Amino acid sequence: MDAYKSYFSMENKDALLEMYKTIFELVYNWVVVVDKDGYVRMINEGYCKFLETTPKEAIGKHVTEVIENTRMHIVVKTGEREIGDIQKIKGNKMIADRIPIRKDGEIIGGVGTVLFKDVVELDTYVKRVNVLEKEVDFYKRELKRLLGNEDSFDRIIGISEAIEGVKELAKQVAATKSNVLLLGESGTGKGLFATAIHNASARNEYPLIKVNCAAIPEALLESELFGYEQGAFTGAKKGGKLGKFELANKSTIFLDEIGEMPLNMQAKLLKAIQEKEIDRVGGEKSQKVDVRIIAATNQDLKEMVENKKFREDLYYRLNVISIKIPPLRERKEDIPLLINFLIKRLSKEMNKFVTEITPMAMDCLMNYHWQGNIRELENVIERAFNLVDKEARIALQHLPKSMTNPHGNKGSRKSKTLKATLEEVEKNLIRRTLKENKYNKYQTAKALGISRTSLYEKIQKYNLYAR
């Protein structure tokens, strides 16, 4: 180790420089470096051979005199990097990256690399990666299916006290047989919680059966839930049809938007819960079923009971354990984590290279009221993806005007500053990591990737001593 440090000391700067030059020439990509005015300062041999020139001839010339259709001189002026741009040189369509080089906040130059020599090469590479990703995804899905945890609590993103408390309660509930009522505004993730609870339960060997009570016409709801016998009505299938409750036997049924269920169906659902049996439409005998119910609603069921719009006896059957999922505006410290997750997911789904979000755009999103919760956040990030061009990052101009306009951003005056919110994220992450490592400072610092000195300072700052 001492020899390693010695080799890379300033005494060996000539050897180190020679090594950098060798690496510069040997890298697979073609590379050019320009100064702040767009003049070529470095270019590797491979690039020169393709351009039918030499480093000696190219260095010192303006980049536009050396490389056809280049934008390097524009990048060093605008300071905006361009990722995955198609550049035509000598009739070849190449894929190039152009990145400005900054020192102490000032642009001192730029580096350009040709990642793929032609679009065919890129297409071959992408196809190979897609085949490998599909194989990996297949084995992942199979493993998750066998383990019964295709969607787990790990997929519920957040480190805020609000979401962590709800996750802990849901984990405890998962181990029981009791019915669960999930409460929360639209877009808070009730479906994700339902799936996680089922997959953490003893019933996870069987699939979770999902029913959206608001999406099924009232006339079809009974046959959809309880099935029907052959000839039960005009158009009934030969042999009849299994209902969702029969499909959920020994498993869990998720009744989403339960507040939309008509009163006459509520009575039949109550009978199925109390007697643990269902009657098919047109059937002559009842069938026993063993089903756990997870119901969800964004409505106030208590108020509906008082207004005679929801049966009180059914309410108490469903509300054995209720879990209220907090809206996004009550857990804003989770927004950076959610955005990071969405950027990674959408980059893969949309085949678009986006790596980050600017501080101003993040500040705007942190101060927004989020009436539509996580579903609205997903919509905003996906919209931004469609507008991002060569910048490879989401900026303020990619967000809806209703958000960037301070008069249209309700609730922004009451929101925390970006600094305060990020400090809250840091505090919760450190507290959770300390707890996971039983307040062992060495293990906690290692897990967080910081020094013990930094950890001690942050523990003191946030008063995170063991209680």
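Reader: How many bridges join S3 to strand S4 (residues 92-103)?

Author: This is a predicted model, in which local features need pLDDT of at least 70 and side-chain atom pairs count only at pLDDT 80 or more, while totals for chains, interfaces and linings use all residues. Residues are numbered from 1 along each chain as its sequence is written, and side-chain values use heavy atoms, with hydrogens and water left out. Strands are DSSP runs of E with at least two residues, helices are runs of H or I with at least four, both numbered from the N terminus, and two strands pair if DSSP finds at least two bridges between them. S3 and S4 run antiparallel, and the number of bridges that join them is six.

Reader: Which residue in the turn between S3 and S4 has a positive phi?

Author: The bridge partner of Lys88 in S4 is Lys93. S3 and S4 form a hairpin with two residues between them, and the turn residue with a positive phi, of about 55°, is Lys90.

Reader: Over the face of which residue does Lys90 lie?

Author: A charge sits over a ring if NZ of Lys or CZ of Arg is within 6 Å of the ring centre and within 35 degrees of the ring normal. Lys90 lies at 5.7 Å from the centre of such a ring, and that ring belongs to Phe50.

Reader: In what order do the five strands of the open sheet stand?

Author: The edge strands, each pairing on one side only, are strand S2 (40-43) and strand S3 (82-89). Strand S1 (residues 30-35) pairs with strand S5 (residues 106-116) in the antiparallel sense over six bridges, and there Val31 stands opposite Thr113 in S5. The pairing in the sheet is antiparallel, and the order is S2-S1-S5-S4-S3.

Reader: Which residues do ring pairs link into a cluster?

Author: Rings of Phe, Tyr and Trp (its six-membered ring) pair if their centres lie within 6.5 Å, and planes under 30 degrees apart count as stacked, over 60 as edge-to-face and the rest as tilted. By this rule there are five aromatic pairs. The residues that ring pairs link into a cluster are Trp30, Tyr47 and Phe50.

Reader: How many residues apart are Phe226 and Phe245?

Author: Phe226 and Phe245 form a tilted pair, 5.5 Å centre to centre with 45° between the planes. Phe226 lies in helix H10 (residues 218-226) and Phe245 in helix H11 (residues 244-247), so that the pair links distant parts of the chain, with a separation in residues of 19.

Reader: Is Tyr316 buried or exposed?

Author: Buried means under 20% relative accessible area, exposed over 50%, and partly exposed in between, with a 1.4 Å probe and protein chains only. Tyr315 and Tyr316 form an edge-to-face pair at 5.2 Å centre to centre, with 65° between the planes. Tyr315, with a relative accessible area of 9%, is buried, whereas Tyr316, at 52% relative accessibility, counts as exposed.

Reader: What is the relative accessible area of Leu225?

Author: Leu225 is found in helix H10. Contact means heavy atoms within 4.5 Å, and, leaving aside neighbours within four places in sequence, Leu225 is in contact with residues including Val211, Phe245 and Met265. Leu225 is buried, and its relative accessible area is 0%.

Reader: What share of the residues of the chain counts as buried?

Author: The secondary structure of the chain comes to 21 helices and 14 strands. Of the 467 residues of the chain, the share that counts as buried is 41%.
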